[in-house]
Amino acid sequence: MPILSAQNILLRFGGPPLLDNVSFDIEAGDRICLVGRNGEGKSTLLKILTGEMEYNSGAVVKKSGLKVSRMIQEIPAHVEGTVRDVVMASCKSGDDVHNAHAEAILGKTGIDGSALFDSLSGGQKRRVLFARAVAEDPDLLLLDEPTNHLDIPAIQWLEGIVTRLNCAVLFVSHDRAFVRRAATRVFELDRGRIRCWNFSYDKFVQFRDQALAEEEKANELFDKRLAEEEIWIRKGIQARRTRNEGRVRALIKMRQERAQRRSRTGSVNMQITEAERSGRLVARLTDVSYFYQDKPLINSFSTEVSRGDRIGIVGPNGSGKTTLLRIILGELLPSEGEVRLGTNLQIAYFDQMRTRLREDKSLIENIGDGQAYITLNGVKRLVLSYLQDFLFSAERARGPISALSGGERNRLLLACLFSHPSNVLVLDEPTNDLDMETLDLLAELLAEYKGTVLVVSHDRAFLDSVATFILAIEENGSIFEAVGGYSDYEANRKIREKEAAKAIRMEAEKVAINNGSHNACNDAGNGGAKKKKRSYNEEREYAALPEKIDRLEKEIIQFQEELSKPEVFTNSQRILELQQAISAREGELEAAYERFELLDSLG
């Protein structure tokens, strides 16, 4: 039985409905990602579900006593009180269970509860707002772009929390890696309607693309038939005398159906205006260090950026990613070391604060600087036409920037950036608020760009699509260089962590052995220090573990093979069962490997 049902929700602000008789059910335990293009009404729908916004008709039916909480997309400009005050705001005095739950989620944020909320960074504030929503102990948790402003470790922390929550979760996100990990179902908001897909994200993309292709084919056949009927109705007097009145009524109905059809929002048509190519060397850093308040943000780093490189820069919030960018570009002098820039560099800079946009100007004025035309790759273009390539209507293009959403502002900044010739593109957090389709197009565009790309991003899937080299700022200002995308860096980091842990264990064993030899005389009566051996029960367990590991690996393979069968694609219940079974076996397998390694070390 659903905990919440939306029944024929209609919301219209003038023109086509934003929500056109939307219906869906949410079950207990669901983790649903709500996807859709920018401006489709995703945040509006979340507000309707909480009762914050009215709608024209329809109903939202909730299970009796249902508690709903929402984490908003925007960070409030000012919030009074400490972190603990914010998280505990929903707790009733004297409710020990509720207070304990709120304290537990506060502890998981890793943020000092006594710190003032307004003193925190954007990423820390997002974690606190998430903790506040969870602390309300809801039956349904609504999250609007929860990964915005979070660095990759914080996003991974969020993934872990969301996948272990007992409540149902409905979230909006354009972070593909987060969606893949967190979502068990997908709701697609498209042209005012909701389509419910009982699949994980990658299966949803496969079936959605197939459904859109079938819809396009059906529309083409319909339009062809309509055109034939229009020709028939326009024939001469003889045809009108013999025409079938039922056929006329059918034609009128077809005209109405065609008039009511809503076209899918078009794709951004982006192109980068490229300058003459730069010299082979873009920048060379030699023993560069940068200190902030006596703390090394960058510590003795050397590298070379060459023409055509596509470099992704990653690191926790506050680690110095933007500082490193500015040093590479020669905008900031290092505390120590030398930076040499190449020749004929024409740099286009996308800054995450969007400072390039002039708030007092219209969109057209931001692009054209008072001119009606711009030149792109040698071709003269009307500014208004160019903005339409970025999905801005004529009315929107003549309006103020203040009316734009976050995603629209990012699209406008990309339009500004790409309208000027460049051979070095610098993108500092370009993915915030952009929908997945636009992110895909941007990734394709960067792949075809002949110049050099430097990108700072916390979007792991985007980095995997764009970067061929990663600069990762780690502890104490050290920078690790890894070939490939973010997944390659992450795999390398895990190997290094395992090797470091192994080295620590070996050193501890060495110290223990040395201590044992020093105390050998005290243990002479007992035959000296003895290494702990496996007990009888541990010996039996050790002998049985290889067979258990082999069994678990085979079961995982069998479940994965069944999951890929076409007949399973339409059985949402079986898909969920298989995903849960695979997850459980993988957990058992990891534990079995760790136990085998421990028992093996006892000898």
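This is a predicted model: local features need pLDDT of at least 70, side-chain atom pairs count only at pLDDT 80 or more; totals for chains, interfaces and linings use all residues.
Local features need pLDDT of at least 70 and side-chain atom pairs count only at pLDDT 80 or more, while totals for chains, interfaces and linings use all residues. Residues are numbered from 1 along each chain as its sequence is written, and side-chain values use heavy atoms, with hydrogens and water left out.

View 1. Helices (H or I, at least four residues) and strands (E, at least two) are DSSP runs, numbered from the N terminus. Two strands pair if DSSP finds at least two bridges between them. Look for strand 6 (residues 140-144) and strand 7 (residues 168-172), which run parallel and are joined by 5 bridges; here aspartate 144 stands opposite valine 172.

**View 2. Strand 10 with its partners strand 11 and strand 13.** Strand 10 (residues 281-292) pairs with strand 11 (residues 295-306) in the antiparallel sense over 8 bridges, with leucine 281 bridged to serine 306. The two strands form a hairpin with 2 residues between them, and glutamine 293 in the turn has a positive phi of about 50°. Strand 10 also pairs with strand 13 (residues 336-341), again antiparallel, over 5 bridges; leucine 285 stands opposite valine 339 there.

**View 3. Isoleucine 111 in the loop between helix 3 (96-109) and helix 4 (122-135).** Isoleucine 111 counts as buried because its relative accessibility is 10%, the cut-off being under 20% relative accessible area with a 1.4 Å probe, protein chains only. Not counting residues up to four places away in sequence, isoleucine 111 touches Val83, Leu106, Leu120, Gln124, Arg127 and Val128, where contact means heavy atoms within 4.5 Å.

**View 4. Helix 7 (residues 201-233) crossing helix 9 (residues 245-260).** The axes come within 10 Å and cross at roughly 135°. That makes helix 7 oblique to helix 9, since angles under 35 degrees count as roughly parallel, over 145 as roughly antiparallel, 65 to 115 as roughly perpendicular and the rest as oblique. Among the residues that meet are Phe222 and Trp232 in helix 7, and Leu251 and Met254 in helix 9.

Definitions and conventions. Buried means under 20% relative accessible area, exposed over 50%, partly exposed in between (1.4 Å probe, protein chains only). Axes are lines fitted to C-alpha atoms, for helices over the stretch in contact, and angles run from 0 to 180 degrees between N-to-C directions.
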